[in-house]
Amino acid sequence: MNNVGIIGAGVMGADLAHLIAEANYQVKLFDANITQTTNAINSIHLKLNKYVENGRITNTDSERIKSKISIAKNIEELSDTDIFLEAVKEDINVKKVVFGQLNAICSGGSILASITSSISITEIASATTMPESVIGLHFLNPVRVLPLVEIVPGITTTRETVEMSKSFIKKLGKEFIEAKDYPGFYLNRILYPLINEAAFLLYEGGTKPEVIDKAMKKGLNLPMGPLEIADMVGIDIILGIGDEMFRGYADQKYRPCPLLRRYVASGYLGKKTGRGFYIY
């Protein structure tokens with residue numbers, strides 16, 4: 001399995017393309033917005049050029065990685081893909097549309113993976129006629145830095161699909177855990193309530209972001225505070241996770257803090273927009 005197709009050229013999609021090309025896979029990157037795809041390729045090239053300047057990699061390695069990534073102008077160009085990685089908006093309806101399109105072009109034996117951080121893989125797989133080949137591969141942001149991937153089988157995902165996915169993750173130099181297909185999986189089942197409660201503290205006027213984060217970093221020896229993590233991941237992503245968990249569990253403890261909605265509505269999404277809980 002050498003050909004990887006990535007659908008969605010945002011921050012995650014671009015980082016995935018870079019990581020997977022480094023591992024010597026052939027990558028095709030597609031986004032409905034061609035400008036987004038072009039920007040993603042340009043950002044990868046700029047990053048590689050800086051690595052060469054800093055002596056982190058050789059020019060030969062840089063050119064090899066660049067040559068492994070190409071742009072797909074339409075989703076049909078991904079038809080020769082062995083592993084599909086869906087990295088679009090964290091919205092079940094959007095993901096179902098994408099998986100319906102992939103179902104029409106993929107061949108038998110392909111893996112259809114979602115990068116979702118919270119949405120049911122079984123529900124996503126219902127948009128296809130081959131749910132046994134659908135799996136969740138929850139990469140963490142930043143993709144090339146954080147070592148863990150959550151592997152999430154749906155209710156009908158075969159062990160063959162799981163084992164092939166594990167082999168793929170190992171070739172990328174990542175570690176993995178296999179999580180159950182419940183909203184939020186394992187990581188966000190723990191992380192989201194922490195971030196949401198920190199947002200409630202801020203919303204209630206209890207203190208400042210830096211005080212909340214300092215309490216967690218100095219009190220529990222964490223490398224980053226919950227609000228710093230939210231800014232890194234993207235407050236829109238955190239809100240999407242919260243909405244999905246609240247929908248999936250119907251439990252008030254997962255109700256997203258109104259401040260998250262206010263920030264997203266204002267375009268304060270974190271580092272990627274220059275402002276979130278902090279100003280960058």
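A residue counts as buried when its relative accessible area is under 20%. Keep that cut-off in mind while looking around this predicted model.

Start with Lys95 and Glu90, which are both buried. Their side chains meet in a salt bridge, at 3.5 Å from N to O. The structure holds 15 salt bridges, and here are some of them:

| Pair | Distance, N to O |
|---|---|
| Lys95 and Glu90 | 3.5 Å |
| Glu63 and Lys66 | 3.5 Å |
| Glu123 and Arg247 | 3.1 Å |

What about Glu63 and Lys66? Both sit in helix 3 (residues 59-67), three residues apart, or about one turn of the helix. Glu63 is partly exposed, at 40% relative accessible area. Lys66 has 15% relative accessibility, so it counts as buried.

Glu123 and Arg247 bring together distant parts of the chain: Glu123 belongs to helix 5 (residues 121-125) and Arg247 to helix 10 (residues 235-249), 124 residues apart. Glu123 is partly exposed at 26% relative accessibility, and Arg247 is partly exposed too, at 47%. Elsewhere, salt bridges with shared partners tie Arg159, Glu163, Lys166 and Glu178 into one network.

Now for some helix packing. How do helix 7 and helix 9 pack? Helix 7 (residues 187-203) meets helix 9 (residues 226-233) at an angle of about 110°, and their axes are 9 Å apart. That angle makes the two helices roughly perpendicular. Helix 7 brings Leu191, Leu194, Ile195, Ala198, Ala199 and Leu202 to the contact, while helix 9 brings Pro226, Leu227, Ile229 and Ala230. By class, this contact has 10 nonpolar residues, with no polar and no charged ones.

Definitions and conventions. Residues are numbered from 1 along each chain as its sequence is written. This is a predicted model: local features need pLDDT of at least 70, side-chain atom pairs count only at pLDDT 80 or more; totals for chains, interfaces and linings use all residues. Side-chain values use heavy atoms; hydrogens and water are left out. Axes are lines fitted to C-alpha atoms, for helices over the stretch in contact, and angles run from 0 to 180 degrees between N-to-C directions. Helices (H or I, at least four residues) and strands (E, at least two) are DSSP runs, numbered from the N terminus. Angles under 35 degrees count as roughly parallel, over 145 as roughly antiparallel, 65 to 115 as roughly perpendicular and the rest as oblique. Contact means heavy atoms within 4.5 Å. Ala, Val, Leu, Ile, Met, Phe, Trp, Tyr, Cys and Pro count as nonpolar, Asp, Glu, Lys and Arg as charged, and the others, Gly among them, as polar. A salt bridge is a side-chain nitrogen of Lys or Arg within 4 Å of a carboxyl oxygen of Asp or Glu. Buried means under 20% relative accessible area, exposed over 50%, partly exposed in between (1.4 Å probe, protein chains only).
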